[in-house]
Amino acid sequence: MNGIKIIGRGKYLPTKEVTSKILAKKFNTTEEYIYKVCGIKKRIYAKKEDTLETMAYKASIDAIKNGNVNYTDIDLIIVSTTTTNEMMPGISYKVQALLNIENCMCMDILAGCNGFINAFDIAYNYIEIGKINTALVIGVEKLSTAVNSKDMSTAILFGDGAGATIITKSEKKRKYYSKIKSQGQEAEYLTYEVGKKLIMDGTKIYKYAVSEVPKIINETLNDAKLNIKDINHIVLHQSNSRIMNSIAKKLGVPKEKVFSNIENVGNTFCASIPIALTEININEGEYLLMCGYGGGLNTGCIILKI
């Protein structure tokens, strides 16, 4: 099989900005301390009218327009999210209705912060076996509704938004390698139940991320017979700047090589990687490495040739 190509990238960020200055005053600390802890200066919160489906739809429209994609060609919509409160219908079905696509397969997946990687890999495999031609892969979160506003350890981290990526069957051979690992035995480190608030053991998550992420990246590089120096773009889940800098150090690359927009967006769980993809310039022939990690626990890496 020839693999896939990315033909559209889009995002939607709400307009309500919550700065670290605001949170510093609330928690009786300083902006400098918050930035030192997580590398975030502001995070974006959704307004009441910004539902998961409307944010996902707006990101999808952005991807369709930016990629000049005929939306009727989309035959799979797959949404990754953590903060949905409605089990049926899924967000993907609502996006299908908003886009008015008649013949389409839809699914939502719950895979924690790594959800977009899982969704992207599922879409890739559906294309590879010939079930579909074009997929709209979305990550969307409304974490402002899930965070305990009195818990500084999570309140300073999380924001809202949506990112969408459209992929299709490639006419020429393009390398694609993926590896996804789950550790359900350690799921209690990061949990969220509908009607309750998100709970995170930050120390355990940090240790897990800086250990498991470099490991799965190196394993995927070995499978692809590539070196980290061959990779043009490294896009990690935008979790925390300290975590991303530690991962870069373990990979032996300067921290500048690892894309980061967390300073002005915050940690948006499933939406972080597709949002980040809209902010990098990728050219044909380059290698893109994406890696997600977090709740589940779930870790995933994808390497593909653009």
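With a relative accessible area of 72%, Asn 28 is exposed, and in this predicted model the residue is placed in the loop between α1 (20-26) and α2 (31-38). The backbone of Asn 28 adopts a positive phi of about 55°, although the residue is not a glycine. Asn 68 is exposed, its relative accessible area being 72%.

Two further backbone features concern the peptide bonds. The bond from Met 88 to Pro 89 is cis, with omega near 0°, and Pro 89 belongs to the loop between β4 (76-80) and α4. The bond from Gly 296 to Leu 297 is also cis, here with omega near -15°; Leu 297 is situated in the loop that separates β13 (287-294) from β14 (298-305).

When residues up to four places away in sequence are not counted, Lys 94 touches Glu 53, Glu 86 and Pro 89. With one of these residues, Glu 86, the contact includes a polar one between the two side chains, at 2.7 Å. The relative accessibility of Lys 94 is 19%, and because the limit for a buried residue is under 20%, Lys 94 counts as buried.

Thr 154 is found in helix α6, which comprises residues 152-155, and is buried, with a relative accessible area of 0%. Its side chain makes a polar contact of 3.0 Å with the side chain of Asp 151. Leaving aside neighbours within four places in sequence, Thr 154 is in contact with Val 147, Asn 148, Leu 198 and Met 200. Between Thr 154 and Ser 241, which are 87 residues apart in sequence, the C-alpha to C-alpha distance is 14 Å.

At the level of the whole protein, the secondary structure consists of 10 helices and 14 strands. The radius of gyration is 18 Å, close to the 19 Å that the globule rule gives for 306 residues, so the protein is as compact as a globular protein of that length. Along the principal axes, the C-alpha trace spans about 55 × 45 × 35 Å. Of the 306 residues, 56% are buried, a group to which both Lys 94 and Thr 154 belong. Among contacts between residues at least 6 apart in sequence, 78% join residues that are at least 24 apart.

The accessible surface of the protein comes to about 13600 Å², and carbon and sulfur atoms account for 48% of this area. As regards charge, the protein carries 39 positive and 31 negative side chains, with the centres of the two sets lying 4 Å apart.

How values were computed
Residues numbered from 1 in each chain as written. Predicted model: local features only at pLDDT ≥ 70, side-chain atom pairs only at ≥ 80, totals over all residues. Heavy atoms only, no water. Buried < 20%, exposed > 50% of the residue type's maximum accessible area, 1.4 Å probe, protein only. Polar contact = N/O pair within 3.5 Å; in protein donor to acceptor, adjacent residues only side chain to side chain. Contact = heavy atoms within 4.5 Å. Helix = DSSP H or I, 4+ residues; strand = E, 2+ residues; numbered from the N terminus. Rg over C-alpha atoms; globule rule 2.2 N^0.38 Å. Areas by Shrake-Rupley, 256 points an atom, 1.4 Å probe, with all protein chains shown as cover. Lys, Arg positive; Asp, Glu negative; His and termini not counted. Charge placed at Lys NZ, Arg CZ, Asp CG, Glu CD.
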